[in-house]
Amino acid sequence: MAAVVSVVNMKEIELRRHTDADGDVLTVEGVEAALEIGARLRGGYSVGISTGAQRATQTLACFLAALGQRVPSGGVVEAGLRSSVEDRWRAAYQKAGSGTLAALREADPELVAEDSERLGAALRRVLDGLPDGGRALVVGHSPTNEAAVLGLTGELVEPLAKGAGVLVVADDGWRIEPLE
C-alpha cells in the first residue's frame with residue numbers, strides 16, 4: 001500500500017509599503033520610485049491589493065504598470081488592511097520614539113495587540129483567497145503592515161522603509177523574508 005503524502009500548497013504575500021507621499025498623494029519622487037521598484041518585482045501575482053488609501057493604490061498601480069504582466073484577479077481593495085485608529089498609532093510612535101513594534105507595544109500594548117489581530121485577520125483573508133501556489137502583491141502602510149504580519153504569523157518584523165517590503169510564505173509553517 002502506498003503511503004499517503006500530505007502536500008501543502010505554498011502561497012505567498014508580497015507586502016510592501018507605499019512610496020513617498022505628500023498627505024495621501026504620491027509625490028513625483030514617490031511615483032518615480034514606485035515605477036523603478038515595479039520594474040524589478042518578481043511578478044507572477046494572482047492579485048494586487050491596496051488598503052484603499054490613495055497613496056497605496058497609486059503605488060500599487062505604478063508597481064503593476066512597470067511590471068507589465070497580467071494580474072488575473074486585477075487590483076482590489078482590502079480595507080481591513082488599513083487601521084481605523086491611525087491617530088492612535090501616531091501617538092504611540094510619539095511616545096515610543098520608534099516605529100518598531102516592540103517599542104510601540106511598550107507605548108500602547110492594547111493598540112498593538114488589538115490592531116495586530118484585526119490586521120492579521122485581513123491578511124489571512126488575502127491568503128485564503130489565493131489559489132494554490134498563488135501570489136498576492138499587497139501595498140499598505142507602516143507600522144500597520146508589520147502589525148498585520150505579527151497578527152498573522154506571530155513574528156515581529158523590522159519597520160519597512162518606503163517601497164520596501166516583506167515576503168510572507170505560507171507552506172507547512174511561515175517563512176518571512178525582507179524585500180528591498
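1. Start with Thr59. Setting aside neighbours within four places in sequence, Thr59 contacts His18, Thr19, Leu26, Ala34 and Val139. This is a predicted model, and these contacts are read from its coordinates.

2. Where does Thr59 sit? Thr59 belongs to helix H2, residues 54-67. Is Thr59 buried or exposed? Thr59 counts as buried because its relative accessibility is 0%, and the cut-off for buried is under 20%.

3. Next, strand S4, which spans residues 47-50. Val47 and Ile49 point one way from S4. Gly48 and Ser50 point the other way. All four of these residues are buried.

4. S4 pairs with strand S6, residues 135-140, in the parallel sense. The pairing runs over 4 bridges. Within it, Ser50 stands opposite Val139 of S6. Val139 is also among the contacts of Thr59.

5. S4 also runs parallel to strand S5, residues 75-77. Here 3 bridges join the two strands. Ser50 stands opposite Val77 in S5. The chain goes from S4 through H2 to S5, a β-α-β crossover that is right-handed. Thr59 lies in H2, the helix of that crossover.

6. Now confidence. Mean pLDDT for the chain is 94. A pLDDT of 70 or more is reached by 96% of the residues.

7. One stretch calls for a caveat. Over residues 1-7, pLDDT stays under 50. For these residues the model has 0 contacts beyond four places in sequence. Where pLDDT is low, predicted coordinates should not be read in detail.

Notes:
Residues numbered from 1 in each chain as written. Predicted model: local features only at pLDDT ≥ 70, side-chain atom pairs only at ≥ 80, totals over all residues. Heavy atoms only, no water. Buried < 20%, exposed > 50% of the residue type's maximum accessible area, 1.4 Å probe, protein only. Contact = heavy atoms within 4.5 Å. pLDDT = per-residue confidence, 0-100. Pairing = 2+ DSSP bridges. Right-handed = clockwise from strand over helix to strand, strands pointing away.
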